[in-house]
Amino acid sequence: MARPRRSGAHEDPAAALGAAAELLAVLHARGQDGVKPAVSPSQLRALLAVEGDEGINLRTLSEVLGSRPPSVTRLCDRLEAMGLLVRTPRPSSRREVELRLTPRGRALLDERRAIRMRELSAVLGRMAPAAVDALIAGLAAFREAASQTYPAGGPPTAAEPAVPARPPA
């Protein structure tokens, strides 16, 4: 089905969205500025995955991250040494290890989110209220359209981490 022709400066909505996504990535990266300890993008993804699924095991974390188990084990070694993650034997199977955030790991994620929210709020504050309303409506429509490509439950909400759900055991 052909899309109706759009008027305005953005004839190619995908290009406009791509440019906005690049700017969001820059703002997202600012969430790292000044946060100690500094974590790499792969470490951050691991922390977010553990936050979203407390008690996740190493095998499942490997699947979520798309990495080999030995690499994820080393990644968890570093996160544990930084005091951000703990590994404990699963009560039902002592051979299996559960991963959980430490209070310091939670604080790091909270601090990163607070910095990002300040950055995003500053940008939104420079926009006209009508433009903010249009942005919110557009993002809601985009989210609805994108939900058709996700499994049941749709894409993560703003309060949920953006990591895939744990596959069934």
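## Helix 2 against helix 4

The axes of helix 2 (residues 41–52) and helix 4 (residues 69–81) come within 10 Å and cross at roughly 85 degrees. Helix 2 is therefore roughly perpendicular to helix 4 (65 to 115 degrees). Axes are lines fitted to C-alpha atoms over the stretch in contact, with angles from 0 to 180 degrees between N-to-C directions. Helices are DSSP runs (H or I, at least four residues), numbered from the N terminus.

S42, Q43, A46 and L47 of helix 2 touch L75, R78 and L79 of helix 4 (heavy atoms within 4.5 Å). Four of these residues are nonpolar, two polar and one charged. Ala, Val, Leu, Ile, Met, Phe, Trp, Tyr, Cys and Pro count as nonpolar, Asp, Glu, Lys and Arg as charged, and the others, Gly among them, as polar.

## Helix 2 against helix 5

Helix 5 spans residues 103–125. Its axis comes within 11 Å of that of helix 2, crossing at roughly 110 degrees. L44, L47, L48 and E51 in helix 2 meet L108, L109, R112 and R113 in helix 5. This contact has five nonpolar, no polar and three charged residues.

## Cavity

There is one cavity of 30 Å³ or more. The largest cavity has a volume of about 40 Å³, the space filled by probe spheres set on grid points joined across faces, edges and corners. A cavity is a set of points on a 1 Å grid over the protein atoms alone where a 1.4 Å probe fits but cannot get out; lining residues have an atom within 4 Å of a point.

Its lining is H28, L44, L48, L109, R112, R113 and R116. Helix 5 gives the most, with four residues.

## Basis

This is a predicted model: local features need pLDDT of at least 70, side-chain atom pairs count only at pLDDT 80 or more, and totals for chains, interfaces and linings use all residues. Residues are numbered from 1 along each chain as its sequence is written, and side-chain values use heavy atoms, leaving out hydrogens and water.

How values were computed. Helices (H or I, at least four residues) and strands (E, at least two) are DSSP runs, numbered from the N terminus. Angles under 35 degrees count as roughly parallel, over 145 as roughly antiparallel, 65 to 115 as roughly perpendicular and the rest as oblique. On a 1 Å grid over the protein atoms alone, a cavity is a set of points where a 1.4 Å probe fits but cannot get out, and a pocket is an open set with protein on both sides within 12 Å along at least five of seven lines; lining residues have an atom within 4 Å of a point.
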